Amino acid sequence: MTGNRTPPDGAAIALLEQRAVQLKKNMLVQARGKGQGYLGQGLGIAELFAAMYFHELRYDPQDMTDPDRDRFLVSTGHYAIALWAAFAEIGLIDRAILPTYGADGGQIDMTTFDAVL
């Protein structure tokens, strides 16, 4: 199970910064050519999502039904692009489907969300 409740040291912070950059790249892949996706909100929350999914939250990406896992609730729908980016990074969804975000007939929708959680 991932998750670390101790403050990150310098090396951990550098790794979290790299993770945030990768999340931002994933978001750019999702938004490319569509003119939608609330990209600004996603880019602005990338560092928080990196800290949560790669340092703070206790979960096993192979067992998202574990009753002892942490839950991270975000009520702002405009952060969905960041959530999908994080799900791709932790292996909950295939990174190859990111370009379908927001596309008619795309593979990322609420049924995808229900399947991974």
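Tyrosine 38 lies in the loop between helix 1 (10–31) and helix 2. Helices here are DSSP runs of H or I with at least four residues, strands are runs of E with at least two, and both are numbered from the N terminus. Phi of tyrosine 38 is near 50 degrees, a positive value in a residue other than glycine. Tyrosine 38 counts as partly exposed because its relative accessibility is 47%. Buried means under 20% relative accessible area, exposed means over 50%, and partly exposed is in between (1.4 Å probe, protein chains only).

The model is predicted: local features need pLDDT of at least 70, side-chain atom pairs count only at pLDDT 80 or more, and totals for chains, interfaces and linings use all residues. Residues are numbered from 1 along each chain as its sequence is written, and side-chain values use heavy atoms, with hydrogens and water left out.

The chain holds four helices and zero strands. Its pattern along the sequence is α-α-α-α. The C-alpha atoms fill a box of roughly 40 × 30 × 25 Å, taken along the principal axes. Of the 117 residues, 35% are buried. Contact means heavy atoms within 4.5 Å. Among contacts between residues at least 6 apart in sequence, 71% join residues at least 24 apart.

The chain exposes about 6700 Å², and carbon and sulfur atoms supply 54% of this area. Accessible areas come from the Shrake-Rupley method with a 1.4 Å probe; for residues, only the protein chains shown count as cover.

Two residues of helix 2 were examined. Histidine 55 is placed in helix 2 (residues 39–56). Histidine 55 counts as buried because its relative accessibility is 7%. The side chains of histidine 55 and glutamate 56 are joined by a polar contact of 2.9 Å. A polar contact is a pair of N or O atoms within 3.5 Å; within protein, one must be able to donate a hydrogen and the other to accept it, and residues adjacent in sequence count only if both atoms are side-chain atoms. Leaving aside neighbours within four places in sequence, the contacts of histidine 55 include Gly3, Pro7, Leu16 and Ala50.

Tyrosine 53 also lies in helix 2. Tyrosine 53 counts as buried because its relative accessibility is 8%. Glycine 3 is 50 residues from tyrosine 53 in sequence, and the two are 8.0 Å apart in space, C-alpha to C-alpha. With neighbours within four places in sequence left aside, tyrosine 53 is in contact with Tyr59, Phe72, Leu83, Ala86, Phe87 and Ile90.

Helix 3 (residues 80–90) is mostly covered, with ten of its eleven residues buried. Among the buried residues of helix 3 are Leu83, Trp84, Phe87 and Ile90. Glutamate 89 is found in helix 3 as well. Glutamate 89 counts as buried because its relative accessibility is 15%. A polar contact of 3.1 Å joins the side chains of glutamate 89 and asparagine 26. Leaving aside neighbours within four places in sequence, glutamate 89 is in contact with Arg19, Gln22, Leu23, Asn26, Phe54 and Arg95. Just after helix 3, glycine 91 takes a positive phi of about 90 degrees.
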